[in-house]
Amino acid sequence: MNRVIRRLAIGLLACYALLFVQLNVWQVGKRAELRANPLNNRESVRQFDAPRGPIVTSDGVVIAQTVEIPKDQRDAGSYAYQREYPTKELFANVSGYYTYAYGATQVEHLYSDVLAGNTPKQQLLAVGSTFNSVDQTGEVQLTLNSELQKLAQRQLGNREGSAVVLDTRTGAVLAMYSNPTYDPNTVAVHDNDEAGAALEALADAPGKPLLANAYQERYMPGSTFKIITTATGLEAGFISTASEWPDENSWTPPNTKNPIQNYGKKTCGGDMFEVFRRSCNIPFARMSADMGPEVMVNGVKKWGVGEQLPIDLPNAATSTFGGEVADFTDSLALLAIHGFGQGSVQMVPLHMAMVAATVANGGAMMKPYVVAKTLAHNGTELSSTSPEVWRRPISPATAATLNTFMVGVVNNGTAKCCLALAGGIQAAAKTGTAQLNAPGETQRSHAWITSFAPAEAPRVAVAVMLKGVNAQISAGTGGTLAGPVAKVLLDRALKVVPQ
Amino acid sequence: MANTVSPLAVARRRSELGLVLLAAFITGAAYVLASLGKNASLPARIGPFLVSLLVLLVCAHIGVRKFAPGASPLLLPLATLLHGIGYVMIARLSDRLAGLQATWSLIAVACFIAVLVVVRRVADLLRYQYTFLLLGVFLQLLPLVPGVGFSSGGARIWVSIGPINFQPGEFAKLCLAIFFAGYLSEQREVLSSGGKRIAGVQLPEMRTFLPVMLAWGVSVVVMVAEKDLGSSLLFFTLFVVLLWVATERSGYIVFGGGLFMLGAFIAYNMFGHVRDRFSIWLDPWSQYNGKGYQIVQGMFGFAEGGMSGTGLGLGDPTRIPAVKNDFIFAAIGEELGLFGATAVLAAFVFIIGSGLRTAIRTDNAFEKLLAVGLTTILGVQAFIILAGVLRVLPLTGVTLPFMSYGGSSLVANYMLLGVLIAISHSSARRLHEVPQ
């Protein structure tokens, strides 16, 4: 029988050799193919279901964090970590959300590697702690201040619109809030179906809550745009502080029969200082038409209109003047209307804050940024943002002139009602009431203000835009509606930003 | 008696002790690494664990030293190594099951020692061969008894008596192996001669062939009524291999193989679940969201492991359904890689080698056939499930000996190991390597 037993041994050995061969096929030969199979989500789940560092405001408030789900509350094979947004809606437009099936947005998207600890620097730092691989996550520190942000939220209340607060000297975003928004916790759930349904509902909701209206949307700016028109005139030498404009309540541009009127059909005119603070429309319409398409379009472009805003967040919007030189060559009337911010001019709220900040900053337009620095798990600084000039649309002299014009708006103009700052600090501003309705329809308008303070040594700029979604919200001018919001934000921002 | 000191026995037991301690060391180290990988901390109660591990393995060793001093020094260390790695894997997959498996480990080692104590002369088992036949058939058919047996995971192989659930089939294997070995050792002369010739194969007399047909009938019942394809295949293989070894006639392999093919063909056409197994085997991808999910996840696990594995506690094997039972080898492939999985394959090959060497060394026909039978059970059962997991064969759910979670399987395999070691010892005695 031993002969047969030896044969049996050889047979069984052959069977196990076959197993060994197949083991090599799966583990070596077809390894790459199997790992790349679209059905294989081991790698992506592992990357998703991992510790992830927090996003923190400049005053230390955590706006996004990852918590480990206690073992006894986990189902077999379910996720071990949950991303949480303790401040709910407040910072949704800056932090974004982090999901498995639907990716990530905003800071969660752009700084994903830092938060997960996957940057080369962090991996170098983690070498040597093989067993303690849990904590190589990074932290993102924002420039935003939670108190200012909360104030912006409270001031907007249930009105749709945006509020942006900038440090005029650096471009750091101190607050950026817009309504409507959403709670990222409702999207960052582990159930993919639930997350998908939440996102779909938000995508279909009116007012586009998923879009950060403050920097991902653009709106007709109304009279706030007159800052740019005036700057273009001053830079091109077409106007000066001494320029005078006739008192009139109607002016018909060349080659058209439709007259242009001032706000409320008032009679309005005077020197440059007066027409700016009173926000007459006709002088700026005349100014644009006189300068002509070439000067006007190129002057506007110097402000970055027509270019995507250089903020360190994804998918920033692009402001638009509504046409190129050729579009206005045969239509000076259109150019005239665009000159006071009507027609198809559209500005991003953040951009309007940058315009005020540029005047405040002596003509240097800073790149806006929300991330101050990134840190490794042990506190080592991985990166920090240095302020950068984006462009210089105007000279310091022009900036100084515009500063006095904007002070006039506050002291004796369209913002007189509302911008008396605490401690007698002098603010400078320009209001806007962007008329959305055609003549004869119900009054509907966006209310704007863009401002900075203190006028003599500016530190902060605030832009507020309230969307004219209905006649009720539109029952007032930019000064009366958006002005009070700007005042509260300026007062607080001056306390936050040191001299 | 065995208490008399023999230099060869001392040398064998020293080797065994060294190897058992090595297996204990590997198990303990793996246990610590799995906890570090999973929780980034040392396991809770690491002290008690290491002490019980050591006590358990040394007890098993002392059992062999006391009652089977001449036995091969390889069998116990190989089994404890597989048992240890399997236990670490189960503990890594589920804390709750780890506690249960630890209790079963204790019972298994106790049963192992009990077998060594009871089976002092293996040849004596021959006298009870028909008792074992009845016991084997009884145990195998027990799950079919209404009120006692129940189905789980599609197969009706479970029995519930009071608070204890177990799979009697695991023990039936051992009983039927004893019967086959006894019966064939007595009938081999008759079976290998006489009878009619059909298609070049000399068939024995129908009268002697009848009990063998009964065994085959049991395996058919197992397949049809209990839907346990793996066990059915195992019984049939056991029966054919023993017939082949006993008669030394290759015709039985051909005949058995043909019978198996026929059975497989009929089963394929008759039963939906058999067709399912085949279609999953041929193309699991198209059924990824259904029955193919498990095998595809297993393959992903192997791929994830690569050469050196993700490391214990660092992989993601919990996503493979039934990973603690049938698919434990996929978890090993993922976390210990090709190297670890090959070590497991090698351990099974060495167990088969030791078992068959034991069979060759003894000149008692019953012991020889029994050693072949027991080794075949271990080797073929492991092969059936490993081949299923690796997609070499259609998947049929059986446990991986010594490694899978489950009390019945662990206890039965340790008892089987006990008998094998007893045969090894008795052959050493017969060869006068140790005193009679």
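I looked up C175(B) first: at 6% relative accessibility, C175(B) counts as buried. The model is predicted. I then checked C15(A), which is partly exposed at a relative accessible area of 25%.

Next, the disulfides. I find two over all chains. One joins C268(A) to C280(A), S to S 1.8 Å. The torsion about its S-S bond is about -55°, so I note this disulfide as left-handed. C268(A) sits in strand 10 (residues 268–271) of chain A, and C280(A) in the loop between helix 12 (272–278) and helix 13 (282–301), so the pair ties together parts 12 residues apart in sequence. C268(A) is buried at 4%. C280(A) is buried too, at 1% relative accessibility.

C417(A) and C418(A) form a disulfide with sulfur atoms 1.9 Å apart. Its S-S torsion is about -95°, so it is left-handed. C417(A) is partly exposed at 48%, while C418(A) is buried at 12%. I logged the chain A pattern as 1-2, 3-4, counting bonded cysteines along the chain.

Then the interface. I see 38 residues of chain A in contact with 56 residues of chain B. The buried area is about 4,300 Å², and carbon and sulfur atoms give 70% of that. On the chain A side, M1(A), Y16(A) and R42(A) lose the most area to chain B, together 21% of what that side buries.

I count two salt bridges between the chains. In one of them, R42(A) pairs with E334(B), the closest N and O atoms being 2.6 Å apart. Helix 1 of chain A gives the largest share of the chain A side, 21 residues. That side divides into 20 nonpolar, nine polar and nine charged residues.

Conventions. Residues numbered from 1 in each chain as written. Chains lettered and ligands numbered in written order. Predicted model: local features only at pLDDT ≥ 70, side-chain atom pairs only at ≥ 80, totals over all residues. Heavy atoms only, no water. Contact = heavy atoms within 4.5 Å. Buried area = accessible area lost by both parts, 1.4 Å probe. Salt bridge = Lys/Arg side-chain N within 4 Å of Asp/Glu carboxyl O. Helix = DSSP H or I, 4+ residues; strand = E, 2+ residues; numbered from the N terminus. Nonpolar A, V, L, I, M, F, W, Y, C, P; charged D, E, K, R; others polar. Disulfide = S-S within 2.5 Å. Buried < 20%, exposed > 50% of the residue type's maximum accessible area, 1.4 Å probe, protein only.
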